Amino acid sequence: MIVSWNWLKQYVPLDIPVAELERRLMMAGLNHEGTSEVDGDLAVDFEVTSNRPDCLGHLGIAREAAVLFGLPLQMPAAQVREGAARVEELVKVRIDCPDLCYRYTARLVRGVKVAPSPAWLASRLQTVGLAPVNNVVDISNYVLMECGQPLHTFDFGRLKQGEIVVRRPRPNETIEAIDHKTYALGPEMCLIADARDAVAIGGVMGGASTEISTRTRDVLVEAAEFAPLSIRNTARLLNLHSDSSYRFERKIDPEGVDWASRRCCELILELCGGELAAGVVDVGRQPPARAPVVLRFSQLKRILGIDIDPQRVREILAALGNQETAADQKQVTVVPPSWRRDLTREIDLVEEVARIHGYEQIPEDVRVPMAPSIRSREDRVLGQVRQVLTACGFDEAMTLSVVDEPLSAAFSPWSDQPALQSQTPIRGADRLRRSVVPSLLAARRTNQSLSNPEIELFEIAKVYLPRPGQLPVEDVVISLNSSRPFEFVKGVVESLLESLHVAGRLDAAPAGCELLDPEQSCRLLLDGKLLGFLGSVRGPALRQFELRGETLVAELRFAVLAEAANLVPRYEPLPLYPAVSRDLNFVVSESVRWADVARTVQATAGAYFESLTYLDTYRDPQRLGEGKKSLLMTLGLRWKQGTLTSQEADRVRDEIVSACQREHGAQLRA
Amino acid sequence: MVKPLSEFLAELDGLCQEAVSAFSAAADTEALEAVRVRFLGAKNGQIKDLQKGLGQVDKADKPVAGKQFNEVKNRVEAALAEATARVATSQAQSETRPRLDASVPGRRQKLGRLHPLTQTVEDLKDIMARLGFTVAEGPEVEDEWHNFEALNIPGDHPARDPLENFYLATAGVVAGGEGGTTAASGGAGNLLLRSQTSTVQIRVMEKTRPPVRIISFGRVYRPDTADATHYPMFHQIEGLLVDRHVTMADLKSVLRLFAANFFGGDDVHIRFRPSFFPFTEPSVEVDMSWRGGWIEMGGAGMVDPNVLSAVGYDPEEVSGFAFGLGIERICARRHQVTDIREFYRNDVRFLHQF
């Protein structure tokens, strides 16, 4: 809301620098956005929050200033001299859509002389950013900017049969507005028509056919109240936002309607001449009576934490226009003013008193009672995961929760349901992601295009897995990509498990994902539960993402990790007797899996088993034969009861060798 | 007691041999110095000790003993001189030998970095935890009850405009997203990406009796055009304290402790400016003193009685405060990041700066 400094001083005798006004209003709820000079006047811009439409006019801001500085507010009387003819004999008004237009008033001034506005009026409008048009139009804009009530003036002579009908549009009805654009009207818009045609888009903009011109002699002054939601939708659908629609959207002062109409006519008579028809055509509902609101003085202390003298409280409320109907030592009852539709409850009055009394009165050093706070298990696990991943060289990325359709389709291991879609795209993307892998691959591409040498990325974020008829499942995943090889990335996963003291067994099964190379990928199972996916991105997918070089990705379900984590490990006595190690080198067929051999080794070693360390896999068709590989490992053995002798260790080893031969066809290689 | 000459001479002899071999064995300056102190030290050197023994020799034998003592002393001193020269030479020779240059950089582990927003969030969480606030989380895809209705944002409120929100295109979504809405808690109805983390407050209060003292944080979504200070997805952190006798003075005091903790310094002050949020009343914008002026921290207020009622609390029994801060803004100010879009570009050169 742009305020003219000179104009404001018409209503309240401010004898202070403008900066002081800006500061006090800011501390009372009107943020100061800026001040600029316009032809010897100052245009002061205040931000008006949506609960304070009363401040969308000079009088509203003047009222706030009057309260803050303890000055009187001078309201124009808006008294009009009426002619002999009765307006209801000249003008007919009918509201066909009372849900869209609550009330419509019309006054008629006949025999005006339309001309350019006097300099003072033009200057007022120019300061607040409005271009002068002619005296009649300028007066209606002036009153709008004065009190916040939008008005419209029609060339009465062009209204067919002198009639106003407020109705919904007919199918395919259009209107040429005063901006000389033609608008197609929707079925839920509020239309102002004469006996036949559309003459204005109610509360939004007037029509070209009845606009005031130098030929206009008789002027119909409309002051109405339209339904806020309807105005908002109309303005949005037509992409036609006006000073008028802005105010109707935020609710106008229902009791200010008639004042604004009279004020407009008063100025027309003064500046344009003519004669005002007696009375007013006032159709629709009258402003509802305001219910009284009680403020218990004890509530001020209870909510604000400070005592305010009841006398001061009553003064503040009265200055703001509340009518006191009762008061005693404990409470005051007031009827809030019609322009403050936001004041209906006790808490609203508490806020009014607080902001005028001043928030600086509230102390900032009271003792707030202590309370324990609990760090959740998930939060602790999350911290550990972040620590391990950064220690392994991964940088944390943050990507948008939505992706475009190709990215969404590229990888969705957690859900077969189609991705949820946003009605409005976010940065060109509208699918709520079901995996973070595609987003991170896109981030990888960004880095490759910047020629960044080392790109190791992770992100811990939610995926959105649709469930028909319910909120989606929002699972947290740990996602990463790397240019390092499969076993490195798998090692990272194993390190994660180790750092969280996860006791469960990690298994690998075929991944079965389109994105991943079937030869270089797996799904990871923790004690049979799906933990995640890991693998190398296939060539075609690399091309889709415009990536160079081998790219490993992994995505793990955070919940599985968090559940398996052992955050408080139990002490185990350190062994008293030394361990013995034996190297093993088994030649097996390609189809034999390490995990199976390892299981046999451990089972056979039984109570002596301490550790089994994988060293390498070695292939040499000449020495080992086609389709063979040799698995190198180191076995650690220990006996809890005493020192394990070399002979005993050899015996265990021999048993392992025969068991592996029996179960896996393994040959010990010397 | 008189010491026989032979005994004294034998001691002299022994010491001489011991000293000469010790000096020739000394490999470096340090070892040499140790040997020098041992034999030629001015206070407790062994030569000094023997000199005291000289006094115990029979008067008649003194000239012989004295002469012999001087000779031994000279030999030991010569051995020192020789060893000193030798050590110096060997040190000079070692300049050409390969040896450790400790100024060469070590071999570093490649370390990753946490995203600056994560770092900021973790710091904020830590501070709030010290003030007794426990972290609470909630879904990002929300129903209208939790995102609007329960937060005192009724159906005709402009904040519910489809243009101001990311509604989901699911079955059951009413175009426009206005008019009567299903208030059934947990029911699907219209879904949207949450526009504020206050939704979490509702979810926590719905299942917890007061007192409630939580901090919630996470991603929120608003259809702003991305520029240096806006992004359609951003992070918020919100605090909520509901109990008996909670006042705006408590709010101001908690915010002051929070600001002093995060930005450092005791001389931090909090300023409230009146504002408007549907879910708090009174509502304020919060400023903190900063380098002689004021900077905006975020929004705050006392939980609106309608919100307390919506979750089944009695507004006559309990009161509460809530505050919300934009994490991008805090993080950008802290690290002097001039364009918040950088946070989501994920250029590793950027990530590595923090």
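**Figure 1. Helices and strands of chain A, and its overall extent.** In this predicted model, chain A contains 20 helices and 33 strands. Taken along the principal axes, the C-alpha atoms of chain A fill a box of roughly 130 × 65 × 45 Å. The radius of gyration of chain A is 40 Å, whereas a compact globule of 670 residues would have one near 26 Å. Of the 670 residues in chain A, 43% are buried, and among the contacts in chain A with a separation of 6 or more, 70% are made by residues 24 or more positions apart.

**Figure 2. Domains of chain A.** The domain assignment divides chain A into domain 1 (2-69), domain 2 (82-284), domain 3 (293-358), domain 4 (377-564) and domain 5 (580-668). The centres of domain 3 and domain 5 of chain A, taken over C-alpha atoms, are separated by 85 Å.

**Figure 3. The largest nonpolar core and a second, separate one.** The largest nonpolar core has 238 residues, and those with the most contacts inside it are A:Ile268, A:Leu561 and B:Phe321. Helix α5 of chain A, residues 135-147, gives the most to this core, with eight residues. In soluble globular proteins, nonpolar side chains tend to be buried together.

**Figure 4. Surroundings of A:Leu561.** When residues up to four places away in sequence are not counted, A:Leu561 touches A:Val381, A:Val385, A:Leu496, A:Leu500 and A:Leu556. A:Leu561 is also among the residues with the most contacts inside the largest nonpolar core.

**Figure 5. Surroundings of A:Arg433.** This residue, A:Arg433, is found in the loop of chain A between strand β23 (429-432) and helix α14 (437-449). A:Arg433 counts as buried because 25 C-beta neighbours lie inside 10 Å, where 20 or more are required. Apart from neighbours within four places in sequence, A:Arg433 is in contact with A:Ser401, A:Val402, A:Val403, A:Ser408, A:Ser439, A:Val463 and A:Tyr464. The C-alpha atom of A:Arg433 is separated by 8.0 Å from that of A:Leu420, a residue 13 residues apart from A:Arg433 along the chain.

Terms used: Residues numbered from 1 in each chain as written. Chains lettered and ligands numbered in written order. Predicted model: local features only at pLDDT ≥ 70, side-chain atom pairs only at ≥ 80, totals over all residues. Helix = DSSP H or I, 4+ residues; strand = E, 2+ residues; numbered from the N terminus. Buried ≥ 20, exposed ≤ 12 C-beta atoms within 10 Å, placed from the backbone. Contact = placed C-beta atoms within 7 Å. Rg over C-alpha atoms; globule rule 2.2 N^0.38 Å. Core = buried A, V, L, I, M, F, W, Y, C linked by C-beta atoms within 7 Å. Domains from an automatic or database assignment.
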